[in-house]
Amino acid sequence: MPAEVFILNGVHLGTLGQRRPEVYGTLTLNDIESLLEDEFPTVKLEFRQTDYEGEMVGLIREAAESDGLIINPGAWTHYSYALHDALETVIVPKVEVHLSNVHAREGWRRYSVVSPVVDAVVAGMGASGYVAAVRYVLSR
Ligand code: DQA
């Protein structure tokens, strides 16, 4: 059976390509998904994006049966204890990804409530951050 990895993108990430390209790049979420499919043709990649926090909680739970979970929670990163609690209970390799270097931006972006409940964090690598994250979960 091929490895199955969930790639979850949260609030506003559906607008990539149009949203502040100087910060988040010019690729759309579809472009990033195609890039990952090309990079990992033998992996079953489950792509999901939602702007609804409760729906994201459900998706995190769904990923509990998979081989790994990669999440870019968007702004929820900085305040969602609901996502923290959902991630805490899912015991698969987990990576938090940010396209931008959140540490070089506004002070409130430096703090993540989800970092304590994931295995690794990638920030500032743009779309390559997702590639690195998939490689990491496959290596575990
Ligand atoms: C982001 C960083 C967050 O601070 C922001 O709210 C986002 C995107 C990133 O990918 O760089 O929506 O997660």
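Let's start with Asn72. Is Asn72 buried or exposed? Asn72 is buried, because its relative accessibility is 3%, and the cut-off for buried is under 20%. Keep in mind that this is a predicted model. Where does Asn72 sit? Its place is in strand β3, which covers residues 68-72.

Now look at what the side chain of Asn72 does. It reaches the backbone nitrogen of Gly74, at 3.0 Å. There is also a link to the ligand. An N or O atom in the Asn72 side chain is 2.8 Å from a ligand oxygen atom.

So much for Asn72. Turn to the ligand itself. Which residues surround the ligand? Here is the list: Arg19, Tyr24, Asn72, Gly74, Ala75, His78, His98, Leu99, Ser100, Val102 and Arg109. Sort that shell by class. You get four nonpolar residues, five polar ones and two charged ones.

Take Ala75. Here the backbone is involved: one of its N or O atoms lies 3.2 Å from an oxygen atom of the ligand. Then take His98. A polar atom of the His98 side chain lies 2.8 Å from a ligand oxygen atom. How much of the ligand does the protein cover? On its own, the ligand has 320 Å² of accessible area, and the protein covers 99% of that. And the cavity? The space that the ligand takes is the largest cavity.

Next, the helices. Go to helix α4, residues 81-88, and find His84 there. His84 is buried, because its relative accessible area is 17%. Its side chain joins that of Asp85 through a polar contact of 2.9 Å.

Compare that with helix α3, residues 53-62, where you find Glu55. Is Glu55 buried or partly exposed? Glu55 counts as partly exposed, because its relative accessibility is 43%. From Glu55 to Ser128, C-alpha to C-alpha, is 26 Å in space. Along the sequence, those two residues are 73 residues apart.

Now the loops. The loop between β1, residues 4-9, and α1, residues 21-24, holds His12. What stands out about the backbone of His12? Phi of His12 is near 75°, a positive value in a residue other than glycine. His12 is partly exposed, because its relative accessible area is 43%.

Arg20 also lies in the loop between β1 and α1. Its phi is near 35°, again a positive value in a residue other than glycine. Arg20 counts as partly exposed, because its relative accessibility is 41%.

Val118 lies between β4, residues 94-98, and β5, residues 120-123. Is Val118 buried or exposed? Val118 is buried, because its relative accessible area is 11%. Which separation goes with Val118 and Leu69? Along the chain, they are 49 residues apart. Between their C-alpha atoms, the separation is 9.3 Å.

To close, back to where we began. Asn72 is buried at 3% relative accessibility. Its side chain reaches Gly74, and an N or O atom of that side chain is 2.8 Å from an oxygen atom of the ligand.

Definitions and conventions
Residues are numbered from 1 along each chain as its sequence is written. This is a predicted model: local features need pLDDT of at least 70, side-chain atom pairs count only at pLDDT 80 or more; totals for chains, interfaces and linings use all residues. Side-chain values use heavy atoms; hydrogens and water are left out. A residue is near a molecule or strand if one of its heavy atoms lies within 4 Å of it. A polar contact is a pair of N or O atoms within 3.5 Å; within protein, one must be able to donate a hydrogen and the other to accept it, and residues adjacent in sequence count only if both atoms are side-chain atoms. Accessible areas come from the Shrake-Rupley method with a 1.4 Å probe; for residues, only the protein chains shown count as cover. On a 1 Å grid over the protein atoms alone, a cavity is a set of points where a 1.4 Å probe fits but cannot get out, and a pocket is an open set with protein on both sides within 12 Å along at least five of seven lines; lining residues have an atom within 4 Å of a point. A molecule sits in a cavity or pocket if more than half of its atoms lie within 2 Å of its grid points. Ala, Val, Leu, Ile, Met, Phe, Trp, Tyr, Cys and Pro count as nonpolar, Asp, Glu, Lys and Arg as charged, and the others, Gly among them, as polar. Helices (H or I, at least four residues) and strands (E, at least two) are DSSP runs, numbered from the N terminus. Buried means under 20% relative accessible area, exposed over 50%, partly exposed in between (1.4 Å probe, protein chains only).
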